[in-house]
Amino acid sequence: MVNKDTLAVRCTGLTKTYGSGSSQVHALCGVNLEVHTGELMMLVGPSGSGKTTLISVIAGVLDRDGGECQVFGHDFKHMNSREKTQYRGKNIGFVFQMFNLIPSLTAAENVAVPLMINGVKRREATDRARDILSRVGLSDRTFSLPAELSGGQQQRVAIARAMLHGPKLIVCDEPTSALDHETGHKVMELLREVAVGADRAFIVVTHDARIFEFADRIAKMDDGHITSVENLRTDL
Amino acid sequence: MNFFALKMLVGNRAKYVGIIVGLTFASLLITQQSAIFLGLMTRTFGFLTDTALPDIWVMDPKVQYIDDLKPLKETESLRVRSVQGVAWAVPLYKGLLKARLPNGTFQSCNVVGLDDETLIGGPPKMLQGQLADLRGSDAIIIDIVGAKGKLARVLPDGRRIPMKIGDTMELNDHRAVVVGICQVQRTFQSQPVIYTTFSRATVFAPRERKLMSFVLVKAKPDQDIHALCQRIRRATGLAAYTRDEFKTLTIRYYMKYTGIPINFGTTVVLGFIVGVAIAGQTFYNFTLDNIRYFGTLKAMGASDFTLLRMILLQAATVGAIGYGLGVGVASALGLLTGSTELSFRLPWQLLLFSAIAVMLICAISSALSMWKVIRLEPAIVFKS
């Protein structure tokens with residue numbers, strides 16, 4: 001359920017430029033965006049439109065050049081590197097296009113990583129990882145290595161990993177682009193079912209039109225600008 | 001995260017084995033070549049180690065090392081004896097003489113002539129016979145390695161019959177009878193060692209005006225050895241060194257005037273470079289292979305300190321394994337070649353030296369990786 005009164009992300013006039021001189025690329029040109037808690041916001045647009053740059057800035061893994069960006073009232077600009085890292089570790093979950101599961105760790109160990117980064121003991125972290133893996137339907141694959149899992153299963157492990165430490169914001173970069181249509185659909189159903197919650201915001205970057213139906217709102221980007229924001233839920 | 005760091009390390013089998021092989025090879029080269037070098041250097045003063053009783057060695061001031069023999073007049077021992085603080089002073093002959101073996105072949109031998117009365121300066125360990133047997137007619141004592149090796153009789157079928165008590169040889173046309181077999185430290189030249197009395201050695205040796213090589217001196221109890229050396233120098237005009245000083249003088253000569261340190265040093269440096277090149281590059285490649293995962297960990301909130309600790313743990317693990325294997329193989333080679341001419345000495349200081357070298361290789365290797373990870377932008381995780 002979207003909570004219109006609580007802003008998870010508020011970006012105003014965001015700018016980001018890569019390179020300099022003649023090779024300069026304006027990835028973000030004054031982007032304004034608001035994401036509410038409980039909302040699944042999709043950023044869509046052609047390649048090079050600035051979607052990934054925008055979620056990188058929002059997630060605090062990339063510094064912006066100008067503008068404002070607050071995540072649950074916190075601005076990464078006012079944090080030092082250590083504070084940023086700590087904030088990300090506690091409050092932000094990531095789901096990547098290529099899953100980014102560490103190949104030599106089992107599914108449960110991969111899921112346990114964010115908890116261990118936050119200081120939880122390995123045994124406790126892997127126990128909790130097994131619990132959440134059963135929630136995403138992988139209770140029988142907790143000891144499997146990523147190479148032993150299908151693409152859909154790997155993405156489910158990645159979703160479990162992004163959720164385990166209870167982050168307030170989850171950013172997903174093309175979560176279905178490496179999956180076939182049916183598997184992608186299932187992954188998105190799972191995301192909506194287990195990951196989207198009243199106290200959590202979701203931002204999904206995609207250009208896969210087949211999963212647009214799972215969004216609460218869709219922000220279209222082009223050439224570093226948000227060109228339109230479309231509501232897919234009547235209550236928004 | 002340490003457990004995961006180790007799992008990441010061993011998960012990439014090819015790189016893991018490659019790094020360990022590189023470090024093992026480096027550790028082996030550094031340890032083994034240094035051990036051979038140390039063994040050779042130890043052999044240079046092997047005779048000094050064997051002759052443990054005297055406190056001071058007196059010799060011609062021009063002598064540069066133990067085998068640099070510049071004979072003295074025999075009366076010099078009397079002059080030394082008269083110096084205050086000297087308990088006793090005895091002559092010692094040392095020279096390289098040709099022995100004619102029963103089968104007619106010649107063999108150069110290190111002949112040591114001991115004071116006739118006291119037999120001071122004799123071999124440290126008698127295996128057969130007694131030192132006092134030297135008082136017999138034409139008596140000599142030979143070392144076991146020489147007896148089994150260069151002095152042994154070779155049969156037509158190639159078998160070697162070791163020289164034994166009762167066998168004879170000719171030393172400069174003088175008959176010599178083996179009355180004992182002793183054990184001594186290997187010498188640098190690896191010649192058989194023959195002990196006899198001083199007077200008999202001067203008979204064996206070609207006629208020269210001066211035949212005494214050294215005067216061996218024992219200080220009276222509670223004497224300051226260095227002060228006594230000074231007094232002997234002042235009183236006789238000869239050089240007087242403590243055993244350790246003479247060892248240092250000998251080593252210094254070999255270090256300065258032979259190519260041994262450069263040859264072995266080059267190999268040791270090569271071992272180090274090979275270690276850095278193979279292990280360092282493989283470890284760096286291993287980090288590059290995992291850079292996406294390090295980036296993922298960084299994005300998920302792992303601090304630089306955590307990531308550096310993971311890399312250091314990985315480097316320390318492969319370093320410890322590579323070092324252990326290298327030193328183990330070097331020690332095994334040392335044991336296997338213990339009974340051969342190959343010199344090999346592996347004291348704990350050398351193990352420490354190798355450990356430091358391997359640590360340095362790991363430090364250089366991991367420094368490159370750490371630099372890469374510290375500079376890593378976590379935004380890399382969103383690049384496909």
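The sections below go through these subjects in turn.

## Basis of the description

The model is predicted: local features need pLDDT of at least 70, side-chain atom pairs count only at pLDDT 80 or more, and totals for chains, interfaces and linings use all residues. Residues are numbered from 1 along each chain as its sequence is written, chains are lettered from A and ligands numbered from 1 in the order in which they are written, and side-chain values use heavy atoms, with hydrogens and water left out.

## Aromatic pairs

Rings of Phe, Tyr and Trp (its six-membered ring) are taken as a pair if their centres lie within 6.5 Å; planes under 30 degrees apart are stacked, over 60 edge-to-face, and the rest tilted. Over all chains this rule gives 14 aromatic pairs. One of them is the stacked pair A:F94 and A:F96, at 5.8 Å centre to centre with 5° between the planes. A:F94 and A:F96 are both buried, where buried means under 20% relative accessible area, exposed over 50%, and partly exposed in between (1.4 Å probe, protein chains only).

In chain B, B:Y65 and B:Y254 make an edge-to-face pair, with 5.4 Å between centres and 75° between planes. B:Y65 is in the loop between β1 (56-59) and α4 (76-81) of chain B, while B:Y254 is in helix α8 (residues 243-257) of chain B, so the pair ties together parts 189 residues apart in sequence. Helices (H or I, at least four residues) and strands (E, at least two) are DSSP runs, numbered from the N terminus. B:Y65 and B:Y254 are buried.

## Aromatic cluster and charges over rings

One aromatic cluster is formed by B:F47, B:W57, B:F214, B:Y241 and B:F246. The charged end of B:K94 sits over the ring of B:F47, 5.3 Å from its centre. In chain A, the charged end of A:K168 sits over the ring of A:F72, 5.3 Å from the ring centre. The criterion is NZ of Lys or CZ of Arg within 6 Å of the ring centre and within 35 degrees of the ring normal.

## A sheet in chain A

Chain A has an open sheet of six strands in the order β5-β6-β7-β3-β8-β9, with mixed pairing. Strands β5 (92-95) and β9 (225-231) of chain A stand at the edges with a single partner strand each, so one side of each has no neighbour in the sheet. From one strand to the next the twist averages 20°.

Two strands pair if DSSP finds at least two bridges between them. β5(A) pairs in the parallel sense with strand β6 (residues 169-173) of chain A over four bridges, and A:F94 has A:V171 in β6(A) as its bridge partner. Helix α5 (residues 151-163) of chain A packs on the sheet, touching β5 and β6 of chain A, and its direction makes about 175° with that of β5(A). Axes are lines fitted to C-alpha atoms, for helices over the stretch in contact, and angles run from 0 to 180 degrees between N-to-C directions.

## Domains and single elements of chain B

The domain assignment (automatic or from a database) gives domain 1 (2-43 + 259-382) and domain 2 (73-237) of chain B. Their centres, taken over C-alpha atoms, are 48 Å apart. Seven residues of domain 1 of chain B are in contact (heavy atoms within 4.5 Å) with six residues of domain 2 of chain B.

B:K98 lies in strand β2 (residues 86-100) of chain B and is exposed, at 56% relative accessibility. Eight of the nine residues of helix α10 (residues 291-299) of chain B are buried, so α10(B) is largely enclosed by the rest of the structure. Just after α10(B), B:G301 takes a positive phi of about 110°.
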